[in-house]
Amino acid sequence: MTQAMKIAIVDDEQDMRQSISQWLALSGYDTETFGSAEDALKILGPDYPGIVISDIKMPGMDGMQFLKKLMGNDSALPVIMITGHGDVPMAVEAMRVGAFDFLEKPFNPDRMNELAKKATGARRLVMDNRALRRELSDGGQLMKKLIGQSPVMERLREDILDLGQADGHVLIDGETGTGKTLVAHALHAVGSRAGKKFVLISCGAYEEEALSKRLFGPMNPEDAQLPAIEEARGGTLVLEDIEALTETLQARLLSVINEQGAPAETRIVGISNLQEAGRTSEDALRPDLFYRLAALRIIVPPLRQRGEDILTLFTRLSEQFADEYGCDAPQVSAQEAAQLLQAPWPGNVRQLINVAERAVLQSRRGSGTIASLLMNDHEDMQPVMTTEGKPLKEYVEAFERMLIDNTMRRHRGSIASVMDELCLPRRTLNEKMAKYGLQRSDYL
Ligand SMILES: Nc1ncnc2c1ncn2[C@@H]1O[C@H](COP(=O)(O)OP(=O)(O)OP(=O)(O)O)[C@@H](O)[C@H]1O
Ligand SMILES: [Mg+2]
């Protein structure tokens with residue numbers, strides 16, 4: 001969802017700012033005009049979602065002082081200065097202070113459009129980057145990305161918060177698609193290393209020699225990149241598919257860990273896949289390395305073991321996709337809910353994301369069933385079920401929670417409407433919401 005970039009036009013001459021504004025508005029920009037630098041500074045904070053076009057000659061604060069102030073607030077803000085015809089020294093000075101570019105009077109509308117396009121493009125990149133960095137360093141945001149309120153997920157969140165603050169190395173184990181990489185990001189983001197480097201290496205993606213170089217160096221002198229262990233210094237180094245490390249590389253890693261001493265300067269987070277039955281990271285790593293890493297251990301449980309989360313994840317994710325595709329999220333019937341709960345989910349959350357997206361596309365087309373998305377090619381027309389049974393209570397509760405959640409959402413938190421639709425007395429509704437951790441304020 002890209003929002004139109006703004007353009008602030010600052011000029012003491014009304015005709016001038018009006019005509020610039022009209023011209024740019026015609027090209028689809030969201031413009032705002034100011035008669036003085038002083039007025040503009042009241043609005044132009046450090047994260048202004050756009051660019052500035054300003055005259056240089058103005059009574060009161062002139063354009064050059066204005067530019068210096070703006071650069072002091074946010075040196076990445078593109079500012080285009082309007083200079084008098086032939087005023088080269090002024091233009092040079094403006095560029096030196098940090099102007100994005102300058103426009104000579106009388107202007108050429110095409111050149112103005114072209115500059116505005118370049119400057120807003122540059123600004124958008126900066127803003128996107130800042131948003132991403134904020135999300136990554138704002139552990140809270142990342143933690144919110146971890147959907148689910150099953151007891152295991154609650155435990156997982158607490159573990160992340162605890163281990164994020166602790167100093168040791170970490171080993172994360174779990175089946176494919178359970179959220180191991182997301183957990184590694186969250187661990188970094190909530191901890192004391194949050195502002196530091198986060199380097200992630202997929203060990204399985206390299207041949208031994210290349211991996212050795214990527215991790216420990218030496219890199220070629222012409223390589224711009226540092227070896228990962230240097231690059232991550234003071235921060236977090238995540239080693240995905242750590243079981244892919246050969247004996248030699250495991251020994252090398254162990255000696256690096258030992259050299260660091262305690263507390264470790266760089267936190268190492270090993271991620272290993274518990275896919276193959278019976279084989280764990282304990283079998284794959286040499287014992288001394290395993291114990292160094294597994295002092296702090298996180299096991300991310302497979303989706304089939306967090307029944308309550310399945311429907312919550314499905315609802316949330318299909319809402320997100322529905323939003324993206326501009327349609328309504330599919331309504332889940334009791335039968336479909338049971339099928340979602342009974343599916344084995346070998347691809348875990350990643351598979352569920354996929355099913356949710358396809359369910360949204362199906363419902364937009366008005367054809368297909370959720371069951372068909374869960375079919376296994378080999379067994380015709382029978383949705384695949386787990387053999388692990390679940391107590392009836394779990395199905396009933398998961399379904400009840402989903403119904404209340406959906407109804408609250410549809411009625412934007414209007415308790416009276418929900419009571420009416422679900423034929424529930426207020427007290428029962430309140431009790432159930434408390435039981436399922438649903439809060440009215442989330443729906444308003
Ligand atoms: N609890 C969760 N809530 C919301 N999204 C989640 C959750 N867990 C995982 N995801 C999402 O599911 C997808 C798969 O997660 P992730 O890549 O972290 O899994 P993984 O265990 O690292 O998989 P792999 O073993 O393939 O590396 C990602 O898009 C991730 O954002
Ligand atoms: Mg991963």
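This is a predicted model: local features need pLDDT of at least 70, side-chain atom pairs count only at pLDDT 80 or more; totals for chains, interfaces and linings use all residues.
Q: OK, how is the protein divided into domains?
A: Into domain 1 (6-135), domain 2 (141-301) and domain 3 (305-442). The bounds come from an automatic or database domain assignment.

Q: How many residues of domain 2 are in contact with domain 3?
A: Twelve residues of domain 2 are in contact with 13 residues of domain 3. Contact means that C-beta atoms, placed from the backbone, lie within 7 Å. The domain centres, taken over C-alpha atoms, are 33 Å apart.

Q: What classes are on the domain 2 side?
A: Four nonpolar, seven polar and one charged. Ala, Val, Leu, Ile, Met, Phe, Trp, Tyr, Cys and Pro count as nonpolar, Asp, Glu, Lys and Arg as charged, and the others, Gly among them, as polar.

Q: Where does ligand 1 lie?
A: Between domain 2 and domain 3, because both give residues to the shell around ligand 1.

Q: Which residues come nearest to ligand 1?
A: Ile147, Gly179, Lys180, Thr181 and Leu182, out of 16 around ligand 1. A residue is near if its C-beta atom, placed from the backbone, lies within 6 Å. Helix H8 (180-190) and helix H16 (348-365) are the elements that give two or more residues to the shell. Helices (H or I, at least four residues) and strands (E, at least two) are DSSP runs, numbered from the N terminus.

Q: And the classes in the shell around ligand 1?
A: Five nonpolar, eight polar and three charged.

Q: Switching to helices. How do the axes of H7 and H8 cross?
A: The axes of H7 (residues 151-165) and H8 come within 8 Å and cross at roughly 50 degrees. H7 is therefore oblique to H8. Axes are lines fitted to C-alpha atoms, for helices over the stretch in contact, with angles from 0 to 180 degrees between N-to-C directions. Under 35 degrees is roughly parallel, over 145 roughly antiparallel, 65 to 115 roughly perpendicular, and the rest oblique.

Q: Which residues of H7 and H8 meet?
A: Ile160, Leu161, Leu163 and Gly164 in H7 meet Val183, Ala186, Leu187 and Val190 in H8. By class, seven are nonpolar, one is polar and none is charged.

Q: What about H14 and H15?
A: The axes of H14 (residues 307-325) and H15 (residues 334-342) come within 9 Å and cross at roughly 120 degrees. H14 and H15 are therefore oblique to each other. Gly307, Ile310, Leu311 and Phe314 of H14 make the contact with Ala337, Leu340 and Leu341 of H15.

Q: How are H3 and H4 placed?
A: The axes of H3 (residues 63-73) and H4 (residues 88-97) come within 10 Å and cross at roughly 15 degrees. That makes H3 roughly parallel to H4.

Q: Backbone next. Which peptide bond is cis?
A: The one from lysine 105 to proline 106, with omega near -5 degrees. Proline 106 is in the loop between strand E5 (101-104) and helix H5 (109-137).

Q: What is phi of tryptophan 345?
A: Near 50 degrees, a positive value in a residue other than glycine. Tryptophan 345 is in the loop between H15 and H16.

Key: Residues are numbered from 1 along each chain as its sequence is written. Chains are lettered from A and ligands numbered from 1 in the order in which they are written. Two residues are in contact if their C-beta atoms, placed from the backbone, lie within 7 Å.
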